[in-house]
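Colleague: I would like to go through the labels on this model one by one. Please give me the value and the cut-off each time.

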Amino acid sequence: MPPLLSNCLAAALAASLSCVALAAQPSGVSPVSGYSQPPKNILDVMQAPSPATPLVSPTLDTILLVTRQDYPKISQVSAPFLRLAGARVETKNRSKHDRSGGNGIRVCVTGFELVRVATRATTPVALPPDACPDTPHWSADGKRFAFANITADSVELWVGDASNGKVHRVPGARLNPMFGGEVQWMPDQKTLLVKLIPSRIGAPPPEPLVPQGPSIQESTGKKGQSSTYEKRDTLNNPHDENLFDYYAATQMALVDAATSAITPIAKPGNFDTVVPAPDGRHVLVIAIHRPYSYLTTYHRFPRDVQVWDTANPANTVVRTITSRPLEDRVPIHGVPVGPREFAWRATDPATLIWVEALDGGDWSVTVPARDKLMMAKAPFDAPAVEIARTEQRFAGLLWSARPGMALLQEYDHNRHWERTHIVNVDDAQQKPRLLWDLSSEEKYADPGNPQFQRLPNGARVLRMDGDAIYLSGAGASPQGARPFLDRLDLVTLKTERLFRSEGDAYEHFLAFNGADTRTFITWRQTAFDAPNAFLLTLGPVLEAPAGEAVFSATRAAITSIPDPTPAVRAIKKQLVQYKRADGLDLSFTLYTPPGYQPGTRVPTILYAYPLDYADPSKAGQVTGSQATFTRLRQHRLLLLAGYALIENASFPIVGDPKKAYDTYLEQLVADARAAVDEAVRMGVADPDRVGVTGHSHGALMTVNLLAHSDLFKAGVATSGAYNKTLTPFGFQSERRSIWQAPEVYKKASPFFYADTLKTPILLVHGAEDANPGTTPLQSSKLYEAIRGNGGTTRLVMLPHEPHWYAAQESNEQLVYEMVRWFDRYVKGATSVAAASGSETPDSVRPAK
């Protein structure tokens with residue numbers, strides 16, 4: 001039996017799917033597994049190391065360069081794990097199997113290097129053999145860093161000395177990262193607050209050999225619309241509940257970073273959020289408890305919100321602030337009623353701030369104010385006081401070091417609008433002052449993000465210079481992004497531009513280099529130069545055009561990270577701007593393959609991800625930069641197979657947020673037609689050899705475009721949702737249920753058009769996709785529907801993979817499949833335009 005056919009039969013038995021051996025393989029099978037690999041020139045790029053990323057110390061004098069593995073091995077990705085109400089826990093070592101949100105696999109750090117900003121001296125950090133560290137945490141004094149290290153049988157705690165790069169393991173510390181926040185520095189910066197596995201935990205509860213009884217759920221007539229995204233890996237039976245309790249059980253402890261002494265705090269419990277107060281004595285603790293739900297993740301489970309006193313071991317719990325019930329009936333896109341979003345006030349020793357809804361948590365009702373902010377001070381024996389109200393949904397409170405002063409943020413879901421006020425929470429007579437009032441879709445006028453500093457106790461506050469704060473932003477513009485640094489006076493509200501990236505580079509602010517705000521660290525890259533850290537010193541004021549930097553600057557390199565893939569520099573890219581048929585401004589980045597000769601038409605692939613907009617004037621604003629260092633992953637690797645790429649094409653879906661999907665299909669086809677027409681008009685894309693690909697919501701786009709237009713010869717859809725009736729309480733920004741808008745759900749679902757879908761479509765999905773909206777069932781059922789109606793399709797299920805594919809072998813297989821599919825159905829298609837030399841048509845294809 002031929003090897004490929006044998007592999008297909010094995011996959012069919014494993015996944016209950018059929019597959020057919022196809023000829024013309026562009027590459028071979030991995031010599032160490034049954035996975036296929038793309039051609040060597042692509043494989044070399046995929047297996048090259050990634051450039052490091054910087055973590056600047058809070059003291060601003062040292063950079064910790066962190067390198068990570070791009071693709072873990074399938075042996076790591078396939079480690080057995082349990083699905084516990086939104087948490088995925090590996091049973092062998094108790095590590096967290098997935099990244100935050102469950103859409104990817106955690107990856108290991110492969111190296112640390114300390115770089116002194118002043119001297120450029122480097123100190124490599126010697127890690128133990130086979131180490132799998134997580135991202136390190138700096139102490140506020142910059143003297144140490146701590147990190148979790150995942151081993152075969154536990155998650156260890158390690159501490160590093162920033163002066164010499166030496167690291168040591170804390171003996172006896174077995175971390176429990178199930179809910180995150182397992183390693184934090186206490187305000188003294190000498191002690192770590194950690195979540196440990198209880199020392200006498202015993203063995204996990206065994207699975208019953210005989211069912212204990214049926215799994216029962218009941219509803220008593222109240223509305224309970226669970227969002228699709230709250231149903232990831234939910235519990236299903238009493239045994240699941242017991243497993244949840246077992247793996248969630250946590251012993252809180254303090255660890256002396258110098259001596260490694262461990263001091264347990266209180267009794268074990270199911271501790272989710274744990275945050276020390278600025279005074280170093282009190283701790284905010286949120287403990288999960290029963291009854292659990294089979295409909296939602298642990299984020300909605302009942303919980304007690306408590307304040308602990310670490311200085312009083314005999315009576316740790318000072319006060320229970322609130323006991324929140326099971327929150328399984330929260331309105332879609334709404335918030336729970338009662339106290340939520342607890343945080344310590346950064347400028348007080350031990351003052352809690354929280355939010356409470358005034359609209360029942362429901363965005364659809366009209367009220368004078370949606371939220372109120374409450375405050376309570378230690379010892380928490382007096383009633384909480386209201387300090388502010390927001391007209392729209394509370395979005396954040398950014399503290400300054402000045403007593404009482406903060407920036408209060410709110411967001412209007414109905415208009416996609418955000419506002420920021422300057423407030424004084426200690427003076428009720430002082431009215432909030434409006435600072436920013438703009439669309440959340442606005443990119444060109446985005447003021448940027450406030451910059452912060454760390455106080456000696458680790459508290460994070462706005463960096464201020466007199467009455468001014470500093471803002472760093474992406475600097476979106478019609479010519480592409482040019483990051484900036486501004487100084488904003490909060491009294492006059494006047495802004496001074498300190499720095500703006502040059503047009504031929506992408507350079508963004510990282511941190512100031514100490515107290516002097518005229519010297520700061522940037523992260524700079526160009527299309528040909530790998531990202532590196534630089535020290536900029538502002539000089540005299542220059543005469544410059546409006547919007548440009550008004551200060552001269554000298555630049556000195558701090559790091560010298562080399563280009564890991566020089567062959568990729570032969571790829572060219574350019575920003576392309578054009579209009580949709582209705583006049584809407586759009587843009588994409590056009591990549592051409594190595595060796596491309598201008599004027600030559602080549603097979604072209606379109607990649608996009610539709611986005612929803614309330615304001616058409618914002619939908620066409622340009623994002624991204626042509627000056628970024630080009631890296632190739634997934635669909636971009638098709639450039640090395642000779643394809644041009646229409647990358648990140650604007651695909652706006654514009655309309656009232658309450659009903660934008662009424663015209664979803666029409667806008668989708670119009671977006672695609674405009675992009676393809678422009679690439680053809682430029683003389684790059686061959687109109688008879690264009691393919692399309694997309695991931696997740698972009699996969700839905702891909703299949704819909706194949707079903708409702710004749711623009712493309714083939715498509716590749718990865719991890720999509722193709723039948724929206726399976727997510728009946730909303731999808732993307734669509735807030736109506738299927739019972740309120742049945743035709744919208746059906747029209748957006750290509751599953752119902754499978755009988756007309758004759759364009760070749762490759763479907764790829766991760767077999768362990770945790771995203772409830774894109775379960776693997778979506779791809780398998782679409783495959784069956786297309787196959788049953790005589791269409792051309794192929795389904796590839798990647799074992800053990802989540803929503804975003806992680807393993808090296810899986811990603812090699814993905815690229816192999818994409819090259820193979822597009823080579824056969826796009827590159828191999830007959831080009832009428834190229835053969836005849838005809839002029840570019842006004843419209844590439846009529847819609848079906």
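**Labels and their cut-offs**

Modeller: Leu 536 counts as buried, because its relative accessibility is 0% and buried means under 20% relative accessible area, with exposed over 50% and partly exposed in between (1.4 Å probe, protein chains only). This is a predicted model, where local features need pLDDT of at least 70, side-chain atom pairs count only at pLDDT 80 or more, and totals for chains, interfaces and linings use all residues. Residues are numbered from 1 along each chain as its sequence is written, and side-chain values use heavy atoms, with hydrogens and water left out.

Colleague: Where does Leu 536 lie, and which residues is Leu 536 in contact with, leaving aside its neighbours within four places in sequence?

Modeller: Leu 536 lies in strand E36, residues 532-541. Strands (E, at least two residues) and helices (H or I, at least four) are DSSP runs, numbered from the N terminus. Contact means heavy atoms within 4.5 Å. Leaving aside neighbours within four places in sequence, the contacts of Leu 536 include Phe 499, Phe 520, Ala 553 and Arg 555.

Colleague: What makes E35 and E36 a pair?

Modeller: Two strands pair if DSSP finds at least two bridges between them. Strand E35 (residues 519-525) is joined to E36 by 6 bridges, and the two run antiparallel. So the pair qualifies.

Colleague: Why are E19 and E22 said to stand at the edges of their sheet?

Modeller: The order there is E19-E20-E21-E22, an open sheet of 4 strands with antiparallel pairing. E19 and E22 (385-390) each have a single partner strand, so one side of each is left without a neighbour in the sheet. The twist averages 25 degrees from one strand to the next. E19 (residues 339-344) pairs with E20 (residues 351-357) over 4 bridges. A hairpin of 6 residues joins E19 to E20. Pro 339 stands opposite Glu 356, and Trp 344 opposite Leu 352.

Colleague: Why are H6 and H7 called roughly perpendicular?

Modeller: Helix H6 (residues 664-681) and helix H7 (residues 697-708) pack at about 85 degrees, with axes 10 Å apart. Axes are lines fitted to C-alpha atoms, for helices over the stretch in contact, and angles run from 0 to 180 degrees between N-to-C directions. Under 35 degrees counts as roughly parallel, over 145 as roughly antiparallel, 65 to 115 as roughly perpendicular and the rest as oblique. H6 and H7 are therefore roughly perpendicular. Among the residues making the contact are Leu 665 and Val 669 of H6 and Leu 700 and Met 701 of H7.

Colleague: How do you know that Cys 108 and Cys 132 form a disulfide?

Modeller: A disulfide is a pair of cysteine sulfur atoms within 2.5 Å. The sulfur atoms of Cys 108 and Cys 132 are 1.8 Å apart. So the pair meets the cut-off. The S-S torsion is about -85 degrees, so the disulfide is left-handed. A search of the whole structure finds 1 disulfide.

Colleague: Are Cys 108 and Cys 132 buried or exposed?

Modeller: Cys 108 is buried, at 7% relative accessible area. Cys 132 is buried, with a value of 7%.
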